[in-house]
Amino acid sequence: MSKARCWIALLLALSLLLGGCWDRRELEERTSVLGMGIDLAKGKPNLLKVTVQIPIPIKIAGSGGQTGGKGGGSPVRVMSSTGHTVLEAISNLQKRLNQKIFIGHARVVAVSEEVARRGLREITDGFRRDPEMRRLLWPIVVKKDAAHLLKVKPKLEQIPIVYIMDMIESGTKTGSIPDQTLGNFYIQDSSRTMQPYLNYMVTHNDEIIWKGVAVFREDKMVGVLPELQTWVLNQLRDNKTGGDIVIAVPGKKGAYITVRPHFVRTKLKLEQAGNQTGSLQARYVCRLQCDLLEATFPLDFKDNGIIHKYEQIIRQEMEKRAAKLINMLQKDFKSDILKLGLAIHGHHYRDYWVSHNWVEEFPRFPISVQYDVHIRRIGMKMK
Amino acid sequence: MSRNQSSSTDKTMSTWQLASLITSTLIGVGVLTLPRTSTERLAEQGWMAPLAGGGIALAATLLIAWLSRRYPGLTFIQYSEVIWGSRKSRWLGKLISLPWVLLYLAHLYIGTAITSRLFGEVVVTAVLRETPIEAIIITMFCLALFLCLHDVEVVSRVNELLFLLILFPVLIIGLLSFQKADWNQILPLFSASFPDVFKGAVETAFTYQGYEVMLIFFAFAQPVARKSQAGFIGIAVAIGVYTLITMSGIAVFGVDEMQKLTWPTLEIVKTTQMPGLVLERLESAFLGVWVAAVFTTISNTYYAFNLGLRQFFGRGMVFQRIMSLLLMFPLFYLALIPQNIVQIFRVSRMSGYIGLVVGLGLPLLYLAVSLMRRQGNRVKEKGKVAR
Amino acid sequence: MSRFWQAWKRRKQMLRDQALHQRSKKSMDKIPDIPVSPELEANVTTIQRLLGSSDDLLARHFVIGPQETGKKAVLVYFDTLVDKKVIDEFILEYLGSPLDDRERPAIHTLESVRGMQKLLEYLLAGMTILLIEGKTEAIVCGTFHYAKRGIEEPQSEALVRGSREGFNESLSDGVSLIRKRLKDPALRVRLIQVGERTRTPVNVLFIEDLAPEDVVREIVNRIKGIQIDGILESGYIEQMIQDSTWSPFPQIQATERPDKVVAHLLEGKVAILTEGTPFALIAPAIFTQFYQSAEDYYERFLISSMIRLIRMMSLFVALLLPSLYIAFSSFHPEMIPSRLVIAMAAGRSTVPFPSVIEAFLMEITMEILREASIRLPGPIGPTIGIVGALVVGQAAVQAGLVSPIMVIIVALTTIGSFATPSYSAAISIRMLRFPLMILAGAFGLYGIMTFLIIIFIHLSALKSFGIPYMTPISPVYLKSMRDFIFRAPFFWMKERPEMFNPPDPSRQNWGEDK
């Protein structure tokens, strides 16, 4: 019965290993950090201040604990600590906590604008090496104080970070907020063919407001793209719809028309510019299908040309917005967040990419945007 | 007639079993780094490296199958002495074949150590961060040892059983990751030169390591099993998986990001969301399931090593059982020799090159000698002579 | 075949060695085979001497034919084993009265024996021995009468649709239930007596042109090789003839249902029926058949395919759920959605144990409850279930001993293990859950997978009478996969499962009708 002996030996060997349980760490033995804020420490420019938001499980209603929801007080604890690097600050924080910090559940990393302008590579290096860190969390640039974003009490959700998370998630679903996860930031940061950007938020008392995106060159923030231009960016770059388009109808006072894009398809055409070989120009053709949501003036659809007329008005407005976007990117930020470089790298590798330095070339690269707007539906009201 | 007769009626492998044996030996820990290694030289064209590398592996496997067809029912160890020796003095054949056989066995042994160390490394870095790597390596060895206690037919059935378990996670991850893909990332399609593609293919050799175990296992094929077909299917599935993973890696991350990732495949899993699944980050689950893939690699190699060793000494199953237990201890220390992860990557690349020599060079050499000496199927009757 | 034959030879050698020690104890061998003597009284004293002085052994003296001229005779029987009515009414009345034109009594098994050994064997089986003065052979009359249960609905394998008949403890009833369903001239019944002291009759049933000859021979040989004092249940036989004793998986299927036995006979398998138990054995058995129910074939194929899928899922739930809970909650909390993880942490905040211990505690409690409810008499059983599940679970959560999610998980695993049609397979899964939980507590998902691989290796190595245990999956038999998780409609299953290698593979459309 050598087989039996082998079985027993194997089980013994396995059970000897059980003495370890090295990695076993129960849920309640981890301090789950849901959100993290990174600021410059006040008065000490070479120190970073890291703020974390930690949920207090038993204070959260409906969580099954017997004391759920009772006892009052905030369901989260916000703590800060400083250090020369992010990880040093976190390990300083650890000294004040009873359980080990677990950042595997961090969903939002807020970075203040100051830090972002100094460059994010030194901050993200530790995050990249840590296997616990998610790639699918939301990094956010906050206008002033990143710590304040964690202290805001939105009240609609018990845990503020969950509120922010939901806000961004529902925004990306409708296409108004760009889907910029940490992983995407890494990719854009590493790539030679594009530049990164992050969502930009402003806190105001107990409010959190999304205010477009922060544009980076390399890993350094160079400026903010406002909401309207961000929506154009979404349309051109990712075929996302962006938010509702509200337009003051020219020639009529107080006359506004609102349409909601529900389908976007952008084609990027890379063509030879002029006659000389080896020079290129980019032409974006964006087809936009919209629903009419609102008009503050009477519209009579018996008139055959009326839909076409407003389509033209919207087209002109969108092209104006797009021109402003391109202008800002090329002139103000000199940063290709459009992924234009990637397309050129892919399609004109030998005849253009090899011979040009794209980072220098982008600001003077000819880009034009053309819109093609269709209003498909007008809602429940006919006249 | 005793041994060979019994091996052709009882301990046999069907075509499908041979194919799944090849695939599951090939697919292992190499997949976790493949997207990085294949884009290192070829950049956007990195997906060609596994294709071309697979071509090399396929050629080698077909050569091995051809060799095995010439000496049916005999393993590499057994026909070595037939090829090199004469009818009168078998010890001469044994002597001449000694360096080749030893090279082969040493390659298998070291390959087992490297694979288990690499996997231990990734588990300890990514999932079980406090667990000593020794514990991971020992558990993997225990699994391999447990398999070595059984007969050859069990090896083929285990591989058959685990085949789908290995294939499913990679395929699902590969396909799901296409949601996040940007196809401009894999353009331009042809930027690298042909010599570069060849060099890139050679660099993927470690990932394709493993087909050389067929020098042993083809001997246990059923008489009706088609070895070349099995080799073709087995390698083709591996090529498909590798190309898919490399392609999705490039399409999702782009070449520049990929070079920054130690375990790119794990990062692909990390960025992939399974629609409708409650669970969120699948990399632990992926690594968990991947134990099966690595297990098949380690244990098939180790089994081939022990089987070869036992045949080399002309012993039976008891010898294999005892030796597989005893040789685990040096193997364990061997696995712990490299000092850091960079060194391990270097060693694994070296082992890939040696694998090319063993997997492609040895069959070529043997075939040449065998053809020159006009040996062949007529050895069939003499098969019993070479135990 | 040669491999299991070798293994079996080793085993048999071992059994034979054991038997050598027991040889002196073998009861029947002790009895000298004395021929029946013409002296009536000598015979009676011999019998009484050999059987000791059992008070239920009766010898009734009477005279055959007219009182004066007739021959002296004696009836020997065990009072407790025979049908007294038959003896009184027929034998004594018929033989004791003067010869006339009365009909012969209807007594089955009229046989004559000469040796005392054989005679005692019949006597012990409930026959009545008729000894006649001056004759050297004894007449055996089949007067046995045992108390037995009627045909009832099988307790352990209830079906919604399907026959309500189950085996009872009588061997002959069992064979009759099968013969009733299977009027195949090729059905063979082999009788083997097993057990040195109990001398239990065992019938091996198979269909001659379906069951492979070597498998039948192997099974018969193994049963004949059993050397044990008593067989009280077919489980004895199962354990003495199975291939691997150390496996947690059953390699022979036990069933109470005659229709199931017939279905398996038709697939070319062998059935073993044992006197004294309602459980018949079916061999060879493979892994999947323990997760299939007879009803799968009685219901329409879509429904049964879905039910089989659910059963497979419940198998995984019963096997893996507690260990997955341990792995997720104490090793990989990043895999649980953030909201849920907070809720779980809150639920666990008062629990004093690590989740491994928590899971162990609850699973063992559940096993105790289950065992308790089986032992309790019928009406109280369910009550214990309710008390255990509801009261203990609720109280444990309220006391903060276990987390609410743990209660859900324990409930799910228990329900999952009940969905397995075969009780013995369900037990093996219940058993394997515990090492899985230990390993999950040591290495998380890595540990779970490690143990699963060990199970996979073991399953691959396991064989049942030469058939690999995991058969339709490894080695792959594509045609048999039609009756695996997916139960194909009958027009797709025109052939018998090829892995059992039946000499006649076709099960539909035979003859030249198409």
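## Exercises on a predicted model

**Exercise 1.** Describe how strand 4 and strand 5 of chain C are joined, and how many bridges join them.

Solution. Strand 4 (residues 128–132) of chain C and strand 5 (residues 138–142) of chain C run antiparallel and are joined by three bridges. The strands named here are DSSP runs of E with at least two residues, while helices are runs of H or I with at least four residues, and both are numbered from the N terminus. Two strands pair if DSSP finds at least two bridges between them. As a next step, look across the pair, where C:Ile129 stands opposite C:Val140 in strand 5 of chain C. Finally, follow the chain through the hairpin, which has five residues between the strands and in which C:Gly134 takes a positive phi near 85°.

The structure is a predicted model, in which local features need pLDDT of at least 70 and side-chain atom pairs count only at pLDDT 80 or more, whereas totals for chains, interfaces and linings use all residues. Residues are numbered from 1 along each chain as its sequence is written, and chains are lettered from A and ligands numbered from 1 in the order in which they are written.

**Exercise 2.** Find the order of the strands in the open sheet of five strands in chain C, and explain which strands stand at the edges.

Solution. The order is 6-7-9-10-8, with antiparallel pairing. Strand 6 (187–194) and strand 8 of chain C each have a single partner strand, so one side of each is left without a neighbour in the sheet, and these two stand at the edges. Neighbouring strands of this sheet are turned by 25° against each other on average, direction ignored, where axes are lines fitted to C-alpha atoms, for helices over the stretch in contact, and angles run from 0 to 180 degrees between N-to-C directions. For one pair in detail, strand 6 of chain C is joined to strand 7 (residues 200–207) of chain C by eight bridges, and C:Arg190 stands opposite C:Val204 in strand 7.

**Exercise 3.** Work out which residues and elements make up the contact between domain 2 and domain 3 of chain C.

Solution. Begin with the division of chain C into domain 1 (27–142), domain 2 (171–285) and domain 3 (297–468), with bounds that come from an automatic or database domain assignment. The C-alpha centres of domain 2 and domain 3 of chain C lie 33 Å apart. The contact takes 16 residues from domain 2 and 13 residues from domain 3, where two residues are in contact if their C-beta atoms, placed from the backbone, lie within 7 Å. On the side of domain 2, the elements that give two or more residues are helix 7 (213–224) and strand 8 (253–255) of chain C, and helix 7 provides the largest share, three residues.

**Exercise 4.** Decide whether A:Asn205 and C:Phe465, which have positive phi values without being glycine, are buried or exposed.

Solution. A residue is buried if 20 or more other C-beta atoms lie within 10 Å of its own, exposed if 12 or fewer, and partly exposed in between, with C-beta atoms placed from the backbone. A:Asn205, with phi of about 50°, lies in the loop between strand 8 (197–204) and strand 9 (207–217) of chain A. This residue, A:Asn205, has 8 C-beta neighbours inside 10 Å and therefore counts as exposed. C:Phe465, with phi near 50°, is in the loop between strand 11 (463–464) and strand 12 of chain C. Because 25 other C-beta atoms lie within 10 Å, C:Phe465 is buried.
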